[in-house]
Amino acid sequence: MVLIKEFRIVLPMTVEEYQVAQLYSVAEASKNETGGGEGIEVIHNEPYTQEECGQSMYDGTQIKDGQYTHKIFHLASKVPAFIRWLAPKGSLEVHEKAWNAYPFCRTVVTNPDYMRENFEIKIESWHIADDMGELENVHKLPPELLAKREVIRIDIANDPVGNKDYKREEDPKLFHSEKTGRGPLTNDWKKAARPVMCAYKLVTVRFKWFGLQNRVEKFIQTGERRIFTNFHRQVFCWIDKWYGLSMKDIRDIEDKTKHELDKKRQDGEVCGTTATD
């Protein structure tokens with residue numbers, strides 16, 4: 001079974017700002033999710049060429065030059081108990097490979113040491129300026145995939161957030177940016193949002209495990225919505241931390257973060273989002 005869901009997240013910022021905001025927030029969130037033997041290990045973070053990538057989008061256009069990353073996620077407590085009971089030791093590690101040719105990005109998550117071809121999450125993102133999430137087929141899906149796609153809209157200000165995920169300082173309805181004057185976001189914030197953009201995130205899940213397939217696919221898709229909602233609330237509420245940073249600043253932050261993650265995985269306690277939250 002294959003699930004295809006397209007998450008549409010409207011944000012009060014420019015596409016150029018989001019490039020910096022997303023990379024900064026990924027680095028910060030990685031530190032919050034790493035400790036006690038779990039979390040994120042950065043293997044590669046380097047430029048790639050179109051020829052090295054060798055991949056195409058749905059309309060046949062080749063993915064252009066960009067930044068390649070390869071990370072290993074050491075999960076353990078971050079997957080549901082019914083998987084931990086069944087999975088052998090060492091299998092709760094997933095590899096994330098991403099080709100970021102901004103404003104397009106393709107991310108592929110696999111479990112090569114255990115599930116192999118029976119598990120894949122593919123996230124393909126387009127970031128569109130001056131857009132409110134109304135483009136019907138930004139990914140140019142063929143008719144057979146378009147018929148299976150479900151569109152899910154995420155509102156960073158108004159969508160509900162779980163009690164254990166909620167942080168007052170990361171609430172867009174309370175946050176005001178000193179640097180940009182943006183926020184707090186009202187109930188109808190989208191009507192007057194300027195600047196504005198939309199992130200279209202197409203998530204395709206393939207999972208084959210007899211007896212658990214439907215349950216796990218549902219867990220993954222629910223988890224993606226939770227991650228996208230919480231992450232983009234942070235992206236907005238951290239605006240005074242990343243606003244004005246250059247891409248060179250971001251690469252320096254990523255390099256520093258890699259060393260911090262290596263140390264945190266060896267020390268401290270398990271932290272961040274867990275499946276039982």
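Guide: Welcome! Let's start at Asp59, which counts as partly exposed because its relative accessibility is 39%. Please keep in mind that this is a predicted model.

Asp59 has a partner: its side chain meets that of Lys140 in a salt bridge, with 3.4 Å from N to O. Asp59 sits in the loop between helix 2 and strand 3 (66-74), while Lys140 sits in the loop between strand 6 (119-129) and helix 4 (143-146), so the pair ties together parts that are 81 residues apart in sequence. Lys140 is partly exposed too, with a relative accessible area of 48%. As for the background, side chains of opposite charge can pair when their charged atoms come close.

Now turn to helix 2, which spans residues 50-53 and holds Glu52. Glu52 is exposed, at 59% relative accessible area. On the surface, Glu52 gathers with Glu46, Glu51 and Asp65 in a patch of negative charge.

Asp165 counts as buried, at 17% relative accessibility, whereas Arg226 is partly exposed, at 24%.

A local example is found in helix 7 (residues 247-266), where Lys258 and Asp262 lie 4 residues apart, about one turn of the helix. Their side chains form a salt bridge of 3.8 Å, N to O. Lys258 is partly exposed, with 26% relative accessibility, and Asp262 is partly exposed as well, with 25%. Elsewhere, a network of salt bridges links Glu6, Arg8, Glu136 and Arg149.

Finally, let's step back to the whole protein. It has 7 helices and 8 strands, and 49% of its 277 residues count as buried. Among contacts with a separation of 6 or more, 74% are between residues 24 or more positions apart. The pair we began with, Lys140 and Asp59, likewise brings together parts of the chain 81 residues apart.

Methods
Residues numbered from 1 in each chain as written. Predicted model: local features only at pLDDT ≥ 70, side-chain atom pairs only at ≥ 80, totals over all residues. Heavy atoms only, no water. Patch = residues over 30% accessible without salt bridge, like charges linked within 9 Å, V, L, I, M, F, W, Y side chains within 5 Å. Areas by Shrake-Rupley, 256 points an atom, 1.4 Å probe, with all protein chains shown as cover. Salt bridge = Lys/Arg side-chain N within 4 Å of Asp/Glu carboxyl O. Lys, Arg positive; Asp, Glu negative; His and termini not counted. Charge placed at Lys NZ, Arg CZ, Asp CG, Glu CD. Helix = DSSP H or I, 4+ residues; strand = E, 2+ residues; numbered from the N terminus. Buried < 20%, exposed > 50% of the residue type's maximum accessible area, 1.4 Å probe, protein only. Contact = heavy atoms within 4.5 Å.
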